[in-house]
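Here are some friendly notes to read with the model open beside you.

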Amino acid sequence: MSRGARRLWSTLVLLPLVLGWAHEARSYAFLRPPDGGGVAWRWDLGSLSSGRIPWHLAEVVSPQVIGDRSAEAVLLAAFAHWEGLDESSWQFAYEGTTRRRDRDDDDRVQLITLGSSENLGEGVLAATFLSGNRDGLVTDVDIVFGRGVPFTTSEAVDPTRYDLESVAVHEIGHMLGLEHSGLIRATMAPFTDEGDVHQRTPERDDRIGAALLAPAGDFLARTGTLAGNVTLDGLGVFLAHVVATRIDGEVAAGMLTAPDGSYRIDGLEPGVYLVHAEPLDGPVDARNVDSQRQAFGRSETDGYATTFH
Amino acid sequence: MFGMLGSSRWLRAIVISIAALAGVIAEGSPARSLSLAALSLAELDAAADVVVRGHCIDRTPTHSSGRIESVARFRVVEKLRGEAGEVVEVRQWGGEIGDRATVAPGAPLSQPGDDAVLFLAAEPDGTYRVVGVSSGYLPVVISPLGRPVVRVSRTLGAEFAGAVAWPIERFADRLQRLPRAR
């Protein structure tokens with residue numbers, strides 16, 4: 001074991017979690033604007049009609065998108081996954097198709113396009129472009145699907161094509177303000193493969209993140225917080241991946257440490273958790289969560305490895 | 001609740017939890033990224049016109065056609081594949097102008113001083129884009145021994161599994177041993 005690894009505190013901490021107090025929701029892996037001092041992107045849902053985020057679908061759809069369902073039906077299903085979560089209050093309003101096919105970061109219209117003239121580049125399946133003020137208020141989100149990517153709209157698994165519904169659920173998660181997750185089974189993990197449909201349904205980690213951004217009912221009152229610090233040689237570790245696992249083995253949530261090494265995982269049900277910290281060393285790594293680096297103006301901490309004490 | 005578990009049950013629970021963690025966190029290599037591609041080394045190389053190690057000089061956000069994008073200038077420290085000038089201009093998604101900002105989750109926005117191996121595809125106007133966005137942007141850091149090492153990911157291929165970084169010379173050598181597809 002390296003000297004650095006021995007000095008990594010909080011690598012494995014067992015904590016009884018019996019908390020349940022109401023608190024400010026300010027943790028988890030949220031997208032952050034550049035140089036924003038660490039504030040998270042957020043919607044002013046109260047300013048939207050009925051609190052719903054409106055969106056349009058580009059009429060033009062790439063011929064590479066094939067399957068049993070229409071692209072429109074798949075996207076409605078993808079939004080419904082986020083709307084259907086008990087613990088959060090996200091709602092959306094589909095406002096029909098539009099002849100526009102290319103994104104515009106300024107028009108305050110959420111455009112989803114499967115027929116963009118924009119070339120996203122080699123191997124890029126889809127990209128979300130989230131715009132707003134430097135203080136974190138979201139004003140526009142566009143989702144662009146790669147025009148040459150072979151997508152399937154079918155409900156059944158097609159092992160030769162990418163599942164449009166899974167990719168859409170992931171990108172809509174970015175629309176809410178969620179950053180990539182370090183948990184590879186999460187919907188917000190940045191990876192998929194042909195025929196992989198497991199990301200259609202948000203996992204616990206995704207659900208907590210969505211709920212903290214727009215909580216429903218008594219979610220904040222009935223859940224608690226794990227907080228602590230990850231340090232290396234006495235200094236805070238930035239962008240360590242801290243994971244809370246239930247005692248039955250189910251991963252509850254993961255989040256990233258702040259520049260001072262502090263972490264705070266909100267939205268946890270009362271219970272006993274195993275807390276584990278590791279570097280973001282793949283498959284998900286710091287490049288996949290670059291908004292954190294941009295927000296805080298510094299790179300992740302090096303020089304430690306995943307270690308169990 | 002901590003005290004309600006007997007020691008053997010507690011240890012068993014820890015073992016189960018760690019095993020679950022290992023399965024969840026360290027799952028096998030995925031092939032593609034949802035929003036941004038995770039390409040193998042051979043795929044990155046095949047899609048790149050030039051591969052360089054560069055130091056970011058500056059990044060200038062631009063606003064046109066309703067979009068905020070950035071152009072980052074990199075001083076070429078080393079050419080690993082293909083030909084490039086002393087400075088390359090790299091287009092990146094997003095940026096900040098005045099009070100406005102745009103981000104594309106997972107897409108790097110360079111800062112002055114950044115050191116990276118860049119797999120670059122040429123644009124018609126003489127600028128470049130990074131292949132696979134984050135996949136073709138491999139940060140270079142200085143190891144505790146004072147040597148430059150490039151961060152690698154298992155998504156680059158099986159030989160990179162288990163390694164966090166490779167010495168830059170070793171990475172360059174591995175790259176140059178790939179058959180050149182273009």
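1. The C-alpha centres of domain 1 and domain 2 of chain A lie 27 Å apart. Domain 1 covers 3-20 + 223-296 and domain 2 covers 45-210, with bounds that come from an automatic or database domain assignment. Please keep in mind that this is a predicted model, where local features need pLDDT of at least 70, side-chain atom pairs count only at pLDDT 80 or more, and totals for chains, interfaces and linings use all residues. Residues are numbered from 1 along each chain as its sequence is written, while chains are lettered from A and ligands numbered from 1 in the order in which they are written.

2. Where the domains of chain A meet, 12 residues of domain 1 are in contact with 12 residues of domain 2 (contact: C-beta atoms, placed from the backbone, within 7 Å). On the domain 1 side, strand S15 (residues 251-256) of chain A gives the most, with 4 residues; strands (E, at least two residues) and helices (H or I, at least four) are DSSP runs, numbered from the N terminus. That side of domain 1 divides into 7 nonpolar, 5 polar and no charged residues (nonpolar: Ala, Val, Leu, Ile, Met, Phe, Trp, Tyr, Cys and Pro; charged: Asp, Glu, Lys and Arg; polar: the others, Gly among them).

3. S15(A) also pairs with S14(A), in the antiparallel sense over 5 bridges (strands pair if DSSP finds at least two bridges between them). Thr245(A) has Val251(A) in S15(A) as its bridge partner. The two strands form a hairpin with 4 residues between them, and Gly249(A) in the turn has a positive phi of about 100°. S14(A) pairs with strand S17 (residues 271-279) of chain A as well, antiparallel over 7 bridges, and there Val243(A) stands opposite His276(A).

4. Do take a look at how enclosed S14 (residues 240-246) of chain A is: 7 of its 7 residues are buried, so the rest of the structure largely encloses it (buried: 20 or more other C-beta atoms within 10 Å of the residue's own, with C-beta atoms placed from the backbone). In a regular strand, side chains alternate between the two faces of the sheet. One side of S14(A) carries Ala240(A), Val242(A), Ala244(A) and Arg246(A), and the other His241(A), Val243(A) and Thr245(A), all buried.

5. Helix H3 (residues 164-176) of chain A is mostly covered too, with 13 of its 13 residues buried. Just after H3(A), Gly177(A) takes a positive phi of about 120°.

6. Overall, chain A comes to 6 helices and 17 strands, and buried residues make up 54% of its 309 residues.

Notes: A residue is buried if 20 or more other C-beta atoms lie within 10 Å of its own, exposed if 12 or fewer, and partly exposed in between; C-beta atoms are placed from the backbone. Two residues are in contact if their C-beta atoms, placed from the backbone, lie within 7 Å.
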